[in-house]
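Subject: Structure handover and notes

Dear colleague,

I am passing on the structure we spoke about, and my notes follow directly below it. Please read them with the model open beside you.

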Amino acid sequence: MDQKSFDGIAGSPEPNHKGHRQRLRERFRKTGEQGLADYELLEFLLFSALPRQDTKPIAKALLQRFGSFPAALAAPRERLKEIPGLSDISIDTLQAVHAAIIRYHRSGIPEKTVLESWQGVIDYLQAAMGQSDIEQFRVLYLDKKNALIADEIQQTGTVDHTPVYPREVIRRALELAATAIILVHNHPSGDPTPSRADIQMTQKIISIADPLGITVHDHIVVGLRKNVSFRSLQLI
């Protein structure tokens with residue numbers, strides 16, 4: 001079989017694909033991420049996982065399906081499997097990048113100054129929950145110095161509802177000897193405006209926590225690109 005025939009086999013890289021990859025690598029080395037469009041950065045991430053495929057159409061399909069670079073990285077595995085050309089290994093790559101982003105932001109929260117590094121907390125929560133397509137309810141448990149004891153997802157639900165059990169939240173705080181908590185949940189709709197149910201649930205948790213000496217510092221609702229603080233809205 002001659003070289004021309006070999007290059008035509010499905011799954012083998014065409015010479016121009018190799019040249020394109022090299023040019024993209026060189027541009028990245030010179031300019032960093034600022035020199036690449038979103039689809040090009042996704043291409044770049046998929047190079048090693050898909051060494052014999054043209055990753056440009058896959059990258060563009062990811063953006064078309066999920067709407068943005070962050071949403072593509074945060075997409076659930078089952079939805080990523082719907083993209084033609086993505087293998088399990090390439091999905092692992094995308095999800096590992098998203099996990100690295102979350103860990104990076106979480107590391108920006110100093111152990112003893114959670115409330116003093118509020119923007120770091122917000123950046124972490126936005127990275128961890130902002131792109132999720134199901135509701136999650138999590139609690140940050142703090143000690144008397146406002147150091148983070150635990151960061152736990154208490155419940156997961158549907159696209160617009162998560163069951164929350166206030167007594168379970170406080171029971172866990174007592175187990176951890178936490179003296180303060182920060183409540184967090186996301187709105188997959190993208191709009192972080194608190195609902196009446198959100199407000200009532202928060203008030204219920206506060207009513208149980210207060211007599212036990214546990215302070216509810218805030219309740220953060222995470223949306224697609226922004227978040228809302230109950231305290232800033234004077235709901236706490």
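Predicted model: local features only at pLDDT ≥ 70, side-chain atom pairs only at ≥ 80, totals over all residues.

The count of salt bridges comes to 11, where a salt bridge is a side-chain nitrogen of Lys or Arg within 4 Å of a carboxyl oxygen of Asp or Glu. Residues are numbered from 1 along each chain as its sequence is written, and side-chain values use heavy atoms, with hydrogens and water left out.

One of these salt bridges links Glu82 with Arg65, the closest N and O atoms being 2.8 Å apart. Glu82 lies in the loop between α6 (77–80) and α7 (88–106), whereas Arg65 belongs to helix α4 (residues 56–66), so the pair ties together parts that are 17 residues apart in sequence. Helices (H or I, at least four residues) and strands (E, at least two) are DSSP runs, numbered from the N terminus. Glu82 is partly exposed, with a relative accessible area of 46%, and Arg65 is partly exposed at 36%; here buried means under 20% relative accessible area, exposed over 50%, and partly exposed in between (1.4 Å probe, protein chains only).

In helix α9 (residues 166–175), Arg171 and Glu168 are 3 residues apart, about one helical turn, and their side chains meet in a salt bridge of 2.8 Å, N to O. Arg171 also forms a salt bridge with Glu175 (2.3 Å, N to O), and these two residues of α9 are 4 residues apart, again about one turn of the helix. Salt bridges that share partners join Glu152, Glu168, Arg171, Arg172 and Glu175 into one network.

Turning to the sheet, its 5 strands form an open arrangement in the order β2-β1-β3-β4-β5, with mixed pairing; two strands pair if DSSP finds at least two bridges between them. Because β2 (148–156) and β5 (227–229) stand at the edges with a single partner strand each, one side of each is left without a neighbour in the sheet. Strand β1 runs antiparallel to β3 (residues 180–186), and 6 bridges join the two. Helix α9 packs on the sheet, where it touches β1, β2 and β3, and its direction makes about 30 degrees with that of β1. Axes are lines fitted to C-alpha atoms, for helices over the stretch in contact, and angles run from 0 to 180 degrees between N-to-C directions.

Within strand β1 (residues 136–142) lies Arg138, which is buried, with a relative accessible area of 6%. The side chain of Arg138 makes a polar contact with the side chain of Tyr124 at 3.2 Å (a pair of N or O atoms within 3.5 Å; within protein, one must be able to donate a hydrogen and the other to accept it, and residues adjacent in sequence count only if both atoms are side-chain atoms). Leaving aside neighbours within four places in sequence, Arg138 is in contact (heavy atoms within 4.5 Å) with residues including Tyr124, Asp151, Glu152 and Ile182.

Finally, a word on confidence: the mean pLDDT (the predictor's confidence in each residue, from 0 to 100) of the protein is 85, and 86% of its residues reach 70 or more. Over residues 1–13, however, the pLDDT is below 50.
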